[in-house]
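Trainee: Hi, could you walk me through this one? I'd like to go from the overall layout down to single residues.

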Amino acid sequence: VGGDAAVASIEAERAALLADLDAQLRRHLRLRFGLRALHGALAAYRERHQSAMLTGAAAAFREISRGAYAGLGSRPGTGPGVGREELIALPATGGSRAVGDLSKGTRFQLYLALRVAGHAELARHHTPAPFVADDILETFDDARAAAAFAALAGMARRGQVIYLTHHRHLCEIARAMVPEVRVQTLDDR
């Protein structure tokens, strides 16, 4: 380094770079915290304003899953479309799971919970159509099948429910859960 102003020039350039880095960091943090606050506000808004359908489906899912899932929620969708939301399952142990990440049996439980809630919404405003299901409980263990029959019995108080199965043990579970159930056996002749 000679006696010229090279050191002072390098020091001035360093100070300018540090000042620019500090300004960019502050801007980044403001945007980052703002985005986090926005996501939190959107989640709170979704939770406060979730539909009766989602509330009913969450309650039915909690019942049918025998408490393994605390309910349902939604999150912003990842696919095309503005404002698109994805349904998520909320395990009782915490966290969330995308529907695609659920086991086949749990997805069937969720499907039934959505049908129960949809039927309740329809019954609230109109005469509900009969609910017909064909062996949708085949992946359920006996405890969850019993809970599902209890949910179907609730639907039957508002409309007609027809459940088709070739699994005799499910008929016994239905009889135990819903004493007023009528089981029709078809001969295989």
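Mentor: Happy to. One term before we start: a contact means heavy atoms within 4.5 Å. With that, among contacts in the protein chain between residues at least 6 apart in sequence, 55% join residues at least 24 apart. Keep in mind that this is a predicted model.

Trainee: Good to know. How many helices and strands does the protein chain come to?

Mentor: There are 5 helices and 5 strands. Reading from the N terminus, the order is α-α-β-β-β-α-β-α-β-α.

Trainee: And what does the C-alpha trace span along its principal axes?

Mentor: About 110 × 35 × 25 Å. The radius of gyration is 28 Å, whereas a compact globule of 189 residues would be near 16 Å.

Trainee: What share of the 189 residues is buried, then?

Mentor: Buried residues account for 28%. As for the accessible surface, the protein chain has about 12,700 Å², and carbon and sulfur atoms own 56% of that.

Trainee: Switching to charges: how many positive and negative side chains are there?

Mentor: You'll find 24 positive and 20 negative ones, and the centres of the two sets lie 5 Å apart.

Trainee: Okay, on to the inside. Which residues of the largest nonpolar core touch the most other members?

Mentor: That core holds 31 residues, and the ones touching the most other members are L72, L112, L137, F149 and Y163. At least two core residues come from each of α2 (52-64), β1 (69-76), α3 (104-125), β4 (131-134), α4 (142-156) and α5 (168-177). The element giving the most is α4, with 7 residues. As background, nonpolar side chains in soluble globular proteins tend to be buried together.

Trainee: Let's zoom in on Y163. What does Y163 touch?

Mentor: Leaving out residues up to four places away in sequence, Y163 touches A133, D135, I136, L137, E138, F149, L152 and L170.

Trainee: I see L152 in there. Where is L152 found, and what does L152 touch?

Mentor: L152 belongs to helix α4. With residues up to four places away in sequence not counted, L152 touches L112, F131, V161 and Y163. There is also a C-alpha separation of 9.9 Å between L152 and R115, which are 37 residues apart along the chain.

Trainee: Why does L152 count as buried?

Mentor: Because its relative accessible area is 4%, and the cut-off for buried is under 20%.

Trainee: What about H119, buried or exposed?

Mentor: H119 is buried, since its relative accessible area is 7%. You'll find H119 in helix α3. Setting aside neighbours within four places in sequence, H119 is in contact with P128, A129, F131, M155, R158 and G159.

Trainee: One last topic, backbone angles. What is phi of D135?

Mentor: Phi of D135 is near 50 degrees, a positive value in a residue other than glycine. R66 also has a positive phi, about 55 degrees, although R66 is not a glycine.

Trainee: Where do those two lie?

Mentor: R66 lies in the loop between α2 and β1, and D135 is in the loop between β4 and α4.

Trainee: And is each of them buried or exposed?

Mentor: R66 is exposed, because its relative accessible area is 55% and exposed means over 50%. D135, on the other hand, is buried, with a relative accessible area of 8%. And D135 takes us back to Y163, as D135 is one of the residues Y163 touches.

Notes: Residues numbered from 1 in each chain as written. Predicted model: local features only at pLDDT ≥ 70, side-chain atom pairs only at ≥ 80, totals over all residues. Heavy atoms only, no water. Core = buried A, V, L, I, M, F, W, Y, C linked by side-chain atoms within 4.5 Å. Buried < 20%, exposed > 50% of the residue type's maximum accessible area, 1.4 Å probe, protein only. Helix = DSSP H or I, 4+ residues; strand = E, 2+ residues; numbered from the N terminus. Rg over C-alpha atoms; globule rule 2.2 N^0.38 Å. Areas by Shrake-Rupley, 256 points an atom, 1.4 Å probe, with all protein chains shown as cover. Lys, Arg positive; Asp, Glu negative; His and termini not counted. Charge placed at Lys NZ, Arg CZ, Asp CG, Glu CD.
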